[in-house]
Amino acid sequence: MSTPLSQKSTLTEIEQRFDNDVERFANLDTGQVATIDAPLAMELITAAALAATPAATRILDIGCGAGNNTIKLLRSHDGGNLDCDLNDLSLPMLVRAQQRVAQETSGRVNIIRGDFRTAPFADGGYDIILAAAVLHHLRDEQDWLAAFTRIYSLLRPKGSFWATDLVSHEIDPVQRLMWRRYGDYLEATGGGEYREKVDRYIDQEDSPRPATFQLDLMRRVGFNSVDILHKNSCFAAFGGIRD
């Protein structure tokens with residue numbers, strides 16, 4: 001990553017890019033082709049959410065995109081009648097997500113546009129919070145602390161939070177190794193031009209942190225039970241329970 005944090009894309013610029021990419025993200029199987037093991041990670045975080053919080057009645061999907069992770073969770077939920085709050089920067093994404101999710105649940109489906117750190121959610125209102133491919137847009141350490149503090153405050157006691165995301169590494173040689181492996185994956189998926197395209201927008205938009213950093217931060221804000229579900233190259237799935 002060469003672009004300084006101060007010169008990374010703004011939330012408005014990120015919103016505009018996703019406004020123009022709704023249909024790609026509306027495919028449950030291929031919406032996250034740039035993410036290694038995306039289908040597996042989606043399955044794991046939604047399965048873990050239901051296993052850790054079996055009596056859930058209300059969920060929040062942060063950075064929901066077109067709703068894939070909520071749909072996956074609902075299809076695995078016995079009865080599928082959860083109330084779902086969907087949050088994203090992109091209004092076209094939210095409209096598409098609401099259409100798709102409403103077909104999967106008899107519960108209420110509400111859309112909330114904006115930055116999840118300041119959006120009007122109900123504190124202590126959620127049994128499950130999902131965040132897929134959203135945390136890597138956070139910038140400095142204050143951003144990260146504010147984000148995890150907010151997530152913790154939104155969960156009910158015994159509620160759980162599950163994320164899958166792009167991550168970096170604490171050990172420089174390992175970071176270089178894993179980034180090279182990710183580049184090889186991109187090239188095998190879409191060729192050299194695709195690899196360069198993804199490299200460019202990650203460098204401009206994203207500022208991932210190590211999974212270890214994020215788990216430590218979860219403990220710092222109050223999560224006592226945290227776990228890693230899966231890690232492959234520059235991607236990890238992890239979560240925790242508010243005790």
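Predicted model: local features only at pLDDT ≥ 70, side-chain atom pairs only at ≥ 80, totals over all residues.
Colleague: At roughly what angle do the axes of α3 and α4 cross, and how close do they come?
Modeller: They cross at roughly 50° and come within 9 Å (axes are lines fitted to C-alpha atoms over the stretch in contact, with angles from 0 to 180 degrees between N-to-C directions). Helices here are DSSP runs of H or I with at least four residues, strands are E runs of at least two, and both are numbered from the N terminus. α3 and α4 are therefore oblique to each other (under 35 degrees is roughly parallel, over 145 roughly antiparallel, 65 to 115 roughly perpendicular, and the rest oblique).

Colleague: Which residues of α3 and α4 meet?
Modeller: M42, E43, I45, T46, A49 and L50 in α3 meet N68, N69, K72, L73 and S76 in α4 (contact means heavy atoms within 4.5 Å). By class, that contact has 5 nonpolar, 4 polar and 2 charged residues (Ala, Val, Leu, Ile, Met, Phe, Trp, Tyr, Cys and Pro are nonpolar, Asp, Glu, Lys and Arg charged, the others, Gly among them, polar).

Colleague: What about α6 and α8, at what angle do they pack?
Modeller: α6 (residues 141-154) and α8 (residues 211-221) pack at about 55°, axes 9 Å apart. That makes α6 oblique to α8.

Colleague: Which residues meet there?
Modeller: From α6 you get E141, W144, L145, F148, T149 and Y152, and they meet F213, Q214, L217, M218, R220 and V221 of α8. The α6 contact with α8 comes out as 8 nonpolar, 2 polar and 2 charged residues.

Colleague: New topic: how many residues line the largest pocket?
Modeller: There are 47, and A132, A133, V134, H136 and H137 lie nearest its centre (a pocket is an open set of points on a 1 Å grid over the protein atoms alone, where a 1.4 Å probe fits, with protein on both sides within 12 Å along at least five of seven lines; lining residues have an atom within 4 Å of a point).

Colleague: Which element gives the most to that lining?
Modeller: α1, with 5 residues. Others supplying at least two residues each include β2 (83-88) and α7 (172-205).

Colleague: And how does the lining divide by class?
Modeller: The largest pocket's lining has 22 nonpolar, 14 polar and 11 charged residues.

Methods. Residues numbered from 1 in each chain as written. Heavy atoms only, no water.
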